[in-house]
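Trainee: I've just opened this one and I'd like to learn how to read it. Where do we start?

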Amino acid sequence: MRISAPEFLPLDPSEADQARRLHALLQTFYRQEAEQLGLGADYPPLLRTAHALQGSGECWIAAAEQGELLAVLGFYPDEDDEAVTRIGALVVRPDRQRQGLATCLLHALMASVGGHARLTVQTAQANAAALAFYRQAGFKELRRWQERWPGGQLGVVKLLR
């Protein structure tokens, strides 16, 4: 049996079907992340709806295989400096993690915005795997803070490359 290589392509969540597929992947990933971080179902990324994705204005790059989403990277101008691109989400389906998909998506983003473009990303301070990934990719810590929501709080770190 021949296994096909993933295809990397833009994803348009303004289309309802693509928003639904994107939402399903994000939900799977963020449930895993919430569990790893000891957070509940009120973890803010889990509350994001497919409808909200449709109107977000974010740009997305997807890794897909035979039409099935394996990983996605969402990005938009950073709110602190619009000359900087902010990674809003970089998620890989749990059964496809640690296979290089996140690295490929990050490289695709850098190719699309220019190899020397500045990138930022925020992640949980307790997310050791994400911090190691971004540091290996050349990101450096900018600042840390606590984010609070009605069901809890989370230490967050912002990184810059």
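Mentor: With burial: buried means under 20% relative accessible area, exposed over 50%, and partly exposed in between (1.4 Å probe, protein chains only). A word on what you're looking at: this is a predicted model, where local features need pLDDT of at least 70, side-chain atom pairs count only at pLDDT 80 or more, and totals for chains, interfaces and linings use all residues. Residues are numbered from 1 along each chain as its sequence is written, and side-chain values use heavy atoms, with hydrogens and water left out.

Trainee: Is Arg93 buried or exposed?

Mentor: Arg93 has a relative accessible area of 16%, so it is buried. Helices (H or I, at least four residues) and strands (E, at least two) are DSSP runs, numbered from the N terminus. Arg93 sits in the loop between β4 (81–92) and α3 (101–113).

Trainee: And which residues is Arg93 in contact with?

Mentor: Contact means heavy atoms within 4.5 Å. Setting aside neighbours within four places in sequence, Arg93 is in contact with Leu25, Glu68, Leu69 and Leu70.

Trainee: How do I read a helix, then?

Mentor: An α-helix has 3.6 residues a turn, so residues three or four places apart point the same way. Now try α4 (residues 128–136). Ala130, Leu131 and Tyr134 are buried there. Down the axis of α4, the buried residues fall within an arc of 100°, so they line one face of the helix. That arc is taken from the directions from the helix axis to the C-beta atoms. Ala128 and Gln136, on the other side of α4, are exposed.

Trainee: What do the buried residues of α4 pack against?

Mentor: They pack against β4, β5 (119–124) and β7 (152–160). Take Tyr134, at 5% relative accessibility: not counting residues up to four places away in sequence, Tyr134 touches Ile87, Leu90, Val121, Phe139 and Leu159.

Trainee: What about pockets?

Mentor: On a 1 Å grid over the protein atoms alone, a pocket is an open set of points where a 1.4 Å probe fits, with protein on both sides within 12 Å along at least five of seven lines; lining residues have an atom within 4 Å of a point. Here 44 residues line the largest pocket, and the closest to its centre are Phe29, Glu33, Leu90, Thr123 and Asn127.

Trainee: Which element gives the largest share of that lining?

Mentor: α1, with eight residues.
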